[in-house]
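Walk through this fold from its overall make-up to a few local details. Keep the sequence and the model side by side.

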Amino acid sequence: MAAEYGCNRFGCSYSHLENKLLDYGLRGVLPLARGRVELSVGVGGGYIWFDRASGDSYHNGSLFQYSGKAAVALNRGGHWRVNLTVRTWRDLGRPIQQWLSTAAGISYGFGTVR
């Protein structure tokens, strides 16, 4: 199926395309409420691979990446957690490429909460 796209005053959106993002960097974690809540921020870099169907408009390349995450314990022991992450990738060239991803999940930790 051919890629479909549309543009408006907020930018352009493309359907039926797949982009792959690899991120790397450092993350600082701030435990709160005796470790039952964790807030964290991260900064680093990334690399993007574009679907061939996206045409000549975009090129594979390096990106700057920053993110924020919040995790809250669901049980008394703090092993089960629900978390939300927001991550932004952006290049430093012209025209600017910027990508935003969000993720939510439930995780289990084998360590102890103090």
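The protein chain has seven strands and zero helices. Helices (H or I, at least four residues) and strands (E, at least two) are DSSP runs, numbered from the N terminus. Along the sequence the pattern reads β-β-β-β-β-β-β.

This is a predicted model, in which local features need pLDDT of at least 70 and side-chain atom pairs count only at pLDDT 80 or more, while totals for chains, interfaces and linings use all residues. Residues are numbered from 1 along each chain as its sequence is written, and side-chain values use heavy atoms, with hydrogens and water left out.

Start with the whole chain. Of its 114 residues, 20% are buried. Buried means under 20% relative accessible area, exposed over 50%, and partly exposed in between (1.4 Å probe, protein chains only). Contact means heavy atoms within 4.5 Å. Among contacts between residues at least 6 apart in sequence, 43% join residues at least 24 apart.

Now the surface. The accessible surface of the chain is about 8500 Å², and carbon and sulfur atoms hold 57% of it. Areas come from the Shrake-Rupley method with a 1.4 Å probe; for residues, only the protein chains shown count as cover. A nonpolar patch is formed by Val72, Leu74, Trp80, Val82, Ile106, Tyr108 and Phe110, with about 750 Å² of accessible area together. Patches are made of residues with over 30% relative accessible area and no salt bridge: like charges are joined within 9 Å, nonpolar side chains (Val, Leu, Ile, Met, Phe, Trp, Tyr) within 5 Å. A salt bridge puts a side-chain nitrogen of Lys or Arg within 4 Å of a carboxyl oxygen of Asp or Glu. Strands β6 (80–90) and β7 (98–108) each supply at least two patch residues. Tyr108 lies in β7 and is partly exposed, at 39% relative accessibility.

Asp91 is buried yet has no salt bridge; Arg90, the nearest side chain of opposite charge, is 5.8 Å away. Lys and Arg count as positive, Asp and Glu as negative; His and the chain ends are not counted. Beyond four places in sequence, Asp91 contacts Ser62, Leu63, Ile96 and Gln97. Ile96 is partly exposed, at 40% relative accessible area.

Finish at the loop between β3 (20–32) and β4 (37–49), where Ala33 lies. Ala33 is not a glycine, yet its phi is positive, about 50°. Ala33 is exposed, at 54%. Arg34 is in this loop too. Its phi is also positive, near 55°, and Arg34 is exposed at 74%.
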